[in-house]
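Here is a brief report on selected local features. Look over the sequence and the fold before reading on.

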Amino acid sequence: WLHWDRLRRCDVVKSHQLDGANIAARAARPLRKPFVAGWGFLVADFADRGHAGEQALAGARELESTTFQNATRAVVTTPWMRDYLEREYRVATRKIRVIPNHVMTDHFRPGVAAPIPGRLTFVGRLEQQKNPLALVKACGGLDVELVMAGMGTLGPDILALAGQVGANVRLLGVRSHRELPELLCQSTLF
């Protein structure tokens, strides 16, 4: 209600992730605006693979089901996600669009910085879903520097595992998009 005047002037209400999607859906309904539910990954699928408890899985399924079924359009990043919505939540195929993630090639391009030999870079959430521990383990005993940009609950586990396997790991925390092109170009592999 706080932003009602601004929302009334919108043409479309869109969510970008599961968090807050129910608020966007609730705002669109009384405004009679189309609601687009757009997500890069499905929380219920992640939870179902054993990365969350039963209560979290049930909550994710309920929220995803309600959000996607009530959306005017569902935007997902892969055909697999489209199939999942059709199969698990009975979302009509005509309501789903697959739009892969994109890269801003004017910003993320080669030549921004010189590569540093032996530097590997990881950019992402430090969570089980991204499997950063496997990368740390793979770097154990190698003559490489693993630079990790991002935050998450696995930060302490990453540092502990690096010590155990002899991996040279440096955690950078969150970095702005402005910093990422240089960071990536400094890497031999990312």
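## Basis

This is a predicted model. The values given here are computed from it.

## Aromatic pairs

Three aromatic pairs are counted. In one of them, the ring centres of Trp39 and Phe68 lie 4.3 Å apart, with the planes at 65°. An angle over 60 degrees counts as edge-to-face, so the Trp39 and Phe68 pair falls in that class. This pair joins distant parts of the chain. Trp39 belongs to strand 2 (residues 35-39), while Phe68 sits in helix 4 (residues 54-70), 29 residues apart. Trp39 is buried, at 2% relative accessible area. Phe68 is buried too, with 0% relative accessibility.

Tyr84 and Tyr89 form another edge-to-face pair. Their ring centres are 5.9 Å apart and their planes meet at 75°. Tyr84 has a relative accessible area of 4% and is buried. Tyr89 is also buried, at 4%. Ring pairs connect Trp80, Tyr84 and Tyr89 as a cluster.

Helix 7 spans residues 155-165. Which of its residues are buried? They are Gly155, Ile158, Leu161 and Ala162. These residues lie on the same side of helix 7, because they cover an arc of only 125° around the axis.

After the helix comes Gly166, with a positive phi near 75°.

## Ser187

Ser187 is in the segment that follows helix 8 (180-185). Is Ser187 buried or exposed? Its relative accessibility is 8%, and the cut-off for buried is under 20%, so Ser187 counts as buried.

Beyond its neighbours within four places in sequence, Ser187 contacts Pro115, Arg119, Leu120 and Thr121. A polar atom of the Ser187 side chain lies 3.1 Å from the backbone oxygen of Leu183. Glu54 is 133 residues from Ser187 along the chain. The C-alpha atoms of Ser187 and Glu54 are 40 Å apart.

Conventions
Residues numbered from 1 in each chain as written. Predicted model: local features only at pLDDT ≥ 70, side-chain atom pairs only at ≥ 80, totals over all residues. Heavy atoms only, no water. Phe/Tyr/Trp six-rings, centres within 6.5 Å; stacked < 30°, edge-to-face > 60°. Helix = DSSP H or I, 4+ residues; strand = E, 2+ residues; numbered from the N terminus. Buried < 20%, exposed > 50% of the residue type's maximum accessible area, 1.4 Å probe, protein only. Arc of directions from axis to C-beta. Contact = heavy atoms within 4.5 Å. Polar contact = N/O pair within 3.5 Å; in protein donor to acceptor, adjacent residues only side chain to side chain.
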